[in-house]
Amino acid sequence: RSGGAAQGIFERRLKGVGRTYLGRASNVYGLLDNDDGFDFQGGLSMAVEDRTGEAPDNRVLMHADPDDPEVQPLARAVLGELRSKNLNPQWLEPLMDRGYAGARTMSADFMDNLWGWQMTSPEVVQSWVWDEVYDVYFRDSHGIGLDEFLEQENNVHVKTHMQAITLVAAHRGFWDADPEVIKRQATEFAELVVQNGLPGGGHTRPDHPTMDFVAEQLDDA
């Protein structure tokens, strides 16, 4: 008839978890399209790791096609989606045709959720992931004009938000890039902020610890 907290029981249960599963019954949304995946499976994985000292074996149940179900390790599912979609010019170029809406999709529906997986499943999102994101989005490694697109009109606020996430990753030790790469990213971020203002969001509030980290990368000028 009434409920109450049972934290002790919950923690004992967590200590017995060796594997987690996330079911995907649809291909409409991927693991990097919204925050459900890292909220639920990532959050559970963090809780288990906190109690046991080791992340569980996280799996994704792919059963959108009931005639061909598959169980994938979380790393394979997330990184496979990343490379086939979010770093793929065939996904990026149509978004560029949508102006600011396309730019927002790149940021809110990808970078923010990639950061969520980074925080909850750091064994999945390793430093090389940020290397590839940097090359594609900020160095235009596909040669499609993506870096210039992200500086057009209001898109620039999306770009500085995305840059901020990469700089937080570097500051927190997740992105182990060459110091010159970090310096270049911080400088370009600062220049765009001076010209256009802060984009808003938690990663770019003026008192965020990463802002001091960014300042350390800049020349006096």
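Student: Does Q118 count as buried or exposed?

Tutor: Heads-up: this is a predicted model, where local features need pLDDT of at least 70, side-chain atom pairs count only at pLDDT 80 or more, and totals for chains, interfaces and linings use all residues. Residues are numbered from 1 along each chain as its sequence is written, and side-chain values use heavy atoms, with hydrogens and water left out. Buried means under 20% relative accessible area, exposed over 50%, and partly exposed in between (1.4 Å probe, protein chains only). Q118 has 0% relative accessibility, so Q118 counts as buried.

Student: Which backbone oxygen does the side chain of Q118 reach?

Tutor: Q118 sits in helix 5, residues 100-120 (helices are DSSP runs of H or I, at least four residues, numbered from the N terminus). Contact means heavy atoms within 4.5 Å, and leaving aside neighbours within four places in sequence, Q118 is in contact with V125, W130 and F174. At 3.1 Å, its side chain reaches the backbone oxygen of V125.

Student: How far apart should the ends of helix 9 be?

Tutor: Helix 9 covers residues 179-196, which is 18 residues. The expected span is 1.5 Å times one less than the number of residues.

Student: How wide an arc do the buried residues of helix 9 cover?

Tutor: The buried ones are V181, I182, Q185, A186, F189, A190, L192 and V193. The arc is that of the directions from the helix axis to the C-beta atoms. These residues lie on the same side of helix 9, because their arc is only 165°.

Student: Which residues are exposed on the other side of helix 9?

Tutor: The buried residues pack against helix 6 (127-138), helix 8 (155-171) and helix 10 (209-217). On the other side, the exposed ones are E180, V194 and Q195.

Student: Why do the buried residues of helix 4 line one face?

Tutor: Helix 4 (residues 89-96) has W91, L92, L95 and M96 buried. In general, an α-helix has 3.6 residues a turn, so residues three or four places apart point the same way. Down the axis of helix 4, its buried residues line one face because they fall within an arc of 130°.

Student: Which residue caps the N-terminal end of helix 4?

Tutor: Look for a side-chain oxygen 2.9 Å from the backbone nitrogen of Q90.

Conventions: Helix = DSSP H or I, 4+ residues; strand = E, 2+ residues; numbered from the N terminus. Polar contact = N/O pair within 3.5 Å; in protein donor to acceptor, adjacent residues only side chain to side chain.
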